[in-house]
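Let's take a walk through this protein, one spot at a time. Keep the structure open and follow along.

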Amino acid sequence: MLSQDIKSKINKLWDKFWSRGITNPITAIEQISYLLFLRRIDDADKEALADNKKHKTIFKTQKLDKNGKPIIGKNGKFIMESAEDCRWSYFSSLEKVDDILDVVSKKAFPFIKNLNDPTKPYTRHMQNATFGINNATLLKEAIDDINSIFQDIKQQQEEGQQFQDTQGDVYEYLINEISTSGKNGQFRTPRHIIQFMCELIDPDVNDKICDPACGTGGFLLGAYQHILTKYTKPENIVEDENGLNRFKRNGGEKITDQKILNKLNSKTFFGFDIDQNMVRIGLMNLMLHGIKIPQIENLDSLSKEYDQQHEDGEYSIILANPPFTGRINKDGVSDKLKDYGTQSELLFLIRISKMLRKGGKAAVIIPEGVLFSGSKNQKSTREILLKDNNLEAVISLPSGVFKPYAGVKTSILVFSKIKEGSIVFNTKKVWFYELKNDGYSLDDNRRKLSDNPLPIAKEIFNTKQQNTPTKRHNHFYVPIEEIELNEFDLSYNRYKQFEYEDQNYDPPQEILESLFQLENIIQKEMEELKNMIG
């Protein structure tokens, strides 16, 4: 958790961008991301040099001729030269603000644009990126603020108060401004809900994990941190503020196979998003958290273009909270999805089912209406979900989970792929559970409560086969035959048994007598008050 001092400094940094005319939250976070990234790669490179004398610094760049073209040596390789002036520690210490702006805009920013292999997503999506801070004073103040934040981070780590990648926490807190602004329709899934969903489907090192509408990469990051926690020594694991296990710092030290580490860094986490800016933010988010080469692409996963580039059955784990954008333009929609209408939440469910490989698992947040609405497309989508998959669980979330940004009632669907195009039901029974609260107040303030219901829900989920009661109160099973009779209605309230208790009231004469007594007391106190004020 970030200290209040760090949060205050981040808020002040936001205010400075706002007051200097950078009012679009996504634009602001992009620019701050570039600065955080510059600071992070400088620190990481110095740490690597200190730990390993054989480490080759990344602060090298291609030497250019007078026309700005790379110079190739006799061996056919590019001639490299030092890029030490692109280090944060160099330009942040310059005295003149105009010199800082000149170095960052003309050298350091172009350097990070081409940091990775051109074939990698990060470099491809950075090609059209622009450095938008043209006010030298703002840049200097932002650099000073970030230095101050990082000083607090180091102090927090030395005091042993943090147990996650605090630098990544800073970035996540910044990203939260996208939601807080109420602009662009961006509503991030709360971190503790992501953690909970990861606990339910338990991703591992050999999985290929995807979010088809990844935004800032929160689900991919949650899966990564879940995997690291699984492979962290017990003495380095603590209970977080939500009662769930998390590593103290770094994590994953039990993963010693370099092949597995390489896979985690470049071939495990995949995401798609239609917003180029969000793709850049998501890439830097994952890279700042330690994933060296995240695979996030600027692509609509509901489109025909997706079909041209990807095949069904690619992924073993899918985590998602797809946008509930209503109806979409049918012209560009994949031919595989056209039979299911134009509602995005339905199309995403069908797409996710197709993206899963046999035996693969998904945890998806969907609006409650998808579970019971009676339209042909709604019912056929639920039927496909029940036939092609084993729909393991429907977990009803409290309606305040996305407040203050949205009050829509949602549920989590947990399912595993059995067979594409099945004509029989591969779901034999569905487990229903009501999460009455998520450990936070369900008003706009979303204050942390003393209760931690998520670990309890996780335990009930894991033991549901043995411990689910026959009475349908908080959690229960419903057989597929009953669900089919109810036109594939999957709403929790459809099957819950409500208990009604008789209310006992005092006789009317006693109630009336109590009211008279209360009125006498009020009259007496009013007289006393009148005498006091003259």
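Asp202 counts as partly exposed because its relative accessibility is 37%; on this scale buried means under 20% relative accessible area, exposed over 50%, and partly exposed in between, using a 1.4 Å probe and protein chains only. You'll find Asp202 in the loop between α8 (191-201) and β3 (209-211). Helices (H or I, at least four residues) and strands (E, at least two) are DSSP runs here, numbered from the N terminus. The backbone of Asp202 has a positive phi of about 50 degrees, although Asp202 is not a glycine. Most residues other than glycine have a negative phi.

Before going further, some housekeeping: this is a predicted model, where local features need pLDDT of at least 70 and side-chain atom pairs count only at pLDDT 80 or more, while totals for chains, interfaces and linings use all residues. Residues are numbered from 1 along each chain as its sequence is written, and side-chain values use heavy atoms, with hydrogens and water left out. As for pLDDT, that is the predictor's confidence in each residue, from 0 to 100. The protein chain averages 88, and 93% of the residues score at least 70. Residues 181-186 are a stretch to treat separately: pLDDT stays under 50 there. For that stretch the model has 12 contacts beyond four places in sequence, a contact being heavy atoms within 4.5 Å.

Now for Arg446, which also has a positive phi of about 50 degrees without being a glycine. Is Arg446 buried or exposed? It is buried, because its relative accessible area is 13%. Arg446 sits in the loop between β12 (429-434) and α16 (453-462). Setting aside neighbours within four places in sequence, Arg446 is in contact with His192, Gly400, Val401, Lys403, Asp438, Tyr440 and Ser441. With Asp438 there is a side-chain to side-chain polar contact of 2.5 Å. A polar contact is a pair of N or O atoms within 3.5 Å; within protein, one must be able to donate a hydrogen and the other to accept it, and residues adjacent in sequence count only if both atoms are side-chain atoms.

Next, have a look at helix α10, residues 258-266. Its buried residues are Leu264, Asn265 and Ser266, and what covers them includes α9 (218-230), β6 (269-273) and β7 (295-298).

Asn75 lies in the loop between β1 (60-62) and β2 (80-82), and its side chain reaches the backbone nitrogen of Lys77 at 3.0 Å. Asn75 counts as exposed because its relative accessibility is 61%. Leu64 is in the loop between β1 and β2 as well, but it counts as partly exposed, at 45% relative accessibility. Beyond its neighbours within four places in sequence, Leu64 is in contact with Lys69, Pro70, Ile71 and Glu81. Leu64 and Lys154 are 90 residues apart in sequence, and 38 Å separate their C-alpha atoms.

Moving along to Ser375, you're in the loop between α14 (369-372) and α15 (376-388). A polar atom of the Ser375 side chain lies 3.2 Å from the backbone nitrogen of Gln378. At 34% relative accessibility, Ser375 counts as partly exposed.

Finally, zoom out. The protein chain has 20 helices and 13 strands, and its C-alpha trace spans about 100 × 85 × 50 Å along its principal axes. Of the 534 residues, 48% are buried. Among contacts with a separation of 6 or more, 69% come from residues 24 or more positions apart.
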